[in-house]
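Keep the sequence and the 3D view side by side as you read.

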Amino acid sequence: MSATCFVFGLKVSFGNTRSKSKTKTRRKFSPNIIIKSFHSDLLKRDFEFKVSTRGLRTIYKHGSLDNYILTTRSLSLTPEALKLKRKL
């Protein structure tokens with residue numbers, strides 16, 4: 001089960017923690033992903049997606065899931081969002 005954001009496609013990334021003595025230790029950066037259900041007015045059904053909190057704010061800014069998907073360019077959407085855009 002991958003933790004990928006529906007809106008931005010964010011996933012776990014890796015990097016280093018640097019201490020005061022400049023030693024490097026590997027760590028991972030996890031996006032804040034939640035499972036949220038959205039209602040589509042055009043398709044008249046609910047969808048459940050894994051969304052980062054940043055993606056959730058973007059959907060709320062556009063007003064609804066339908067508005068976000070229809071107004072966003074296809075190049076900026078994730079493959080999962082493109083499938084939904086074709087259905088709309």
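A nonpolar core is a set of buried Ala, Val, Leu, Ile, Met, Phe, Trp, Tyr and Cys residues joined through side-chain atoms within 4.5 Å, where buried means under 20% relative accessible area with a 1.4 Å probe, counting protein chains only. This is a predicted model, in which local features need pLDDT of at least 70 and side-chain atom pairs count only at pLDDT 80 or more, while totals for chains, interfaces and linings use all residues. Residues are numbered from 1 along each chain as its sequence is written, and side-chain values use heavy atoms, with hydrogens and water left out.

The largest nonpolar core holds 15 residues, and Phe6, Val7, Phe38, Phe49, Val51, Leu65 and Leu84 have the most contacts inside it. Two or more residues each come from β4 (45–52), α1 (53–62), α2 (65–71) and α3 (79–87); these elements are DSSP runs numbered from the N terminus, helices being H or I with at least four residues and strands E with at least two. Take a look at Phe6: leaving aside residues up to four places away in sequence, its contacts (heavy atoms within 4.5 Å) include Phe49, Val51, Leu65 and Leu84.

Now zoom out. Along the sequence, the protein chain reads β-β-β-β-α-α-α. Its radius of gyration, taken over C-alpha atoms, is 16 Å, well over the 12 Å that the globule rule (2.2 Å times the number of residues to the power 0.38) gives for 88 residues, so the chain is more spread out than a compact globule. The C-alpha atoms fill a box of roughly 55 × 25 × 25 Å along the principal axes, and buried residues make up 27% of the 88.

Conventions. Buried means under 20% relative accessible area, exposed over 50%, partly exposed in between (1.4 Å probe, protein chains only).
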